[in-house]
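Please read the following report alongside the sequence and the model, taking each heading in turn.

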Amino acid sequence: MNAELTFLQFLQSLHSPMLDGSMCFITRLGDSGILWVTLTAVLLVFRRTRRVGCVLATALLIDAVLCNLLLKPLVARVRPCGILTEVQLLIPYPDDFSFPSGHTAASFASVTALWLAGKKQWAMAALPVGVLIAFSRMYLCVHYPTDILGGAILGAACGWAGAWLVKKAERRMAIPRN
């Protein structure tokens, strides 16, 4: 058995009712990027935070396309819970492939976008949430550690791309920054 599966089996030994409930709740925050999409929508409503909302929206859109439409089907990696069949899933079996972790990619796209949009304190507050969401995916045995690593790298790149594209659009449209 490879190191990733061994690590995931170790995580299975940590299960307890309290941790199970906590990890299920935390992972739901990342379902369909709901936490990050909600944050983006709120930021877009207010004029003072609209630019940050645009950076987040752009980053999340790039992430959704690259992660869910391109990479997951291209790599087509079977989830660890499909291999470790003795694991009792606490959440519904995801209907897409494993690599990269979409929950992690959306989280790190958002954290990076917040940082690069000048909201460093918000990014530092969001980072532990993103890390917990990423960890919950391994705890729940629906992602390998390399899925998480790939999602974090992809997400950070998407956050950077979102900030870069918004900055480029601002220059092109000669919009003054707040």
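## Lining of the largest pocket

Sorted by class, the lining of the largest pocket holds 8 nonpolar, 8 polar and 8 charged residues, where Ala, Val, Leu, Ile, Met, Phe, Trp, Tyr, Cys and Pro count as nonpolar, Asp, Glu, Lys and Arg as charged, and the others, Gly among them, as polar. This lining is made up of 24 residues, and Gly30, Asp31, Ser32, Gly33 and His103 lie nearest the centre of the pocket.

At least two lining residues come from each of helix 2 (17–29), helix 4 (50–75) and helix 6 (102–116), and helix 4 supplies the largest share, 6 residues. Helices here are DSSP runs (H or I, at least four residues), numbered from the N terminus.

## Basis of the model

This is a predicted model, in which local features need pLDDT of at least 70 and side-chain atom pairs count only at pLDDT 80 or more, while totals for chains, interfaces and linings use all residues. Residues are numbered from 1 along each chain as its sequence is written, and side-chain values use heavy atoms, with hydrogens and water left out.

Apart from its neighbours within four places in sequence, Val52 is in contact (heavy atoms within 4.5 Å) with Leu43, Leu114, Ala117 and Lys119.

Notes: 1 Å grid on protein atoms, 1.4 Å probe; cavity = no way out; pocket = protein on both sides within 12 Å on 5 of 7 lines; lining within 4 Å.
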